[in-house]
Amino acid sequence: MSGTLYRLAAFTDDPNGGNPAGVWLGEALPEPKEMQRIAAEVGYSETAFIAPADGERRTVRYYSPEAEVSFCGHATVAGGVQMGRLSGAGTYMLDTAVGEVMVTVN
């Protein structure tokens with residue numbers, strides 16, 4: 001499964017501050033065991049897995065180093081920042097375990 005893993009910090013411009021979050025972007029989500037393995041390797045409280053890599057609507061799954069979690073705010077913010085960097089400003093609809101979450105990136 002190919003994708004790119006980013007290590008970001010939400011709520012800061014300083015990479016030594018904020019809330020660290022992993023953000024993985026790829027064309028299709030990895031299998032759950034693979035997402036769990038990656039999240040454990042990253043070691044942050046949560047890693048967001050986002051697919052597809054492009055488009056206005058995407059699926060997001062969140063994993064801690066030990067288990068899948070239903071939602072994570074700071075990983076969503078970090079994911080929005082990275083989507084904006086790669087795909088530009090706009091509104092993205094994220095399908096999460098807790099429902100749809102709209103993220104607007106300026």
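1. A handy term to start with: a residue is buried when its relative accessible area is under 20%, exposed when over 50%, and partly exposed in between (1.4 Å probe, protein chains only). This is a predicted model, in which local features need pLDDT of at least 70, side-chain atom pairs count only at pLDDT 80 or more, and totals for chains, interfaces and linings use all residues. Residues are numbered from 1 along each chain as its sequence is written, and side-chain values use heavy atoms, with hydrogens and water left out.

2. Have a look at E46, in the loop between α1 (32-42) and β3 (47-51); helices (H or I, at least four residues) and strands (E, at least two) are DSSP runs, numbered from the N terminus. E46 is buried yet has no salt bridge (a side-chain nitrogen of Lys or Arg within 4 Å of a carboxyl oxygen of Asp or Glu). Its nearest side chain of opposite charge is R7, 13 Å away; Lys and Arg count as positive, Asp and Glu as negative, while His and the chain ends are not counted.

3. What does E46 touch? Leaving aside neighbours within four places in sequence, E46 is in contact (heavy atoms within 4.5 Å) with residues including Y63, C72 and H74.

4. Finally, G18 lies in the loop between β1 and β2 and is partly exposed, at 41% relative accessible area.
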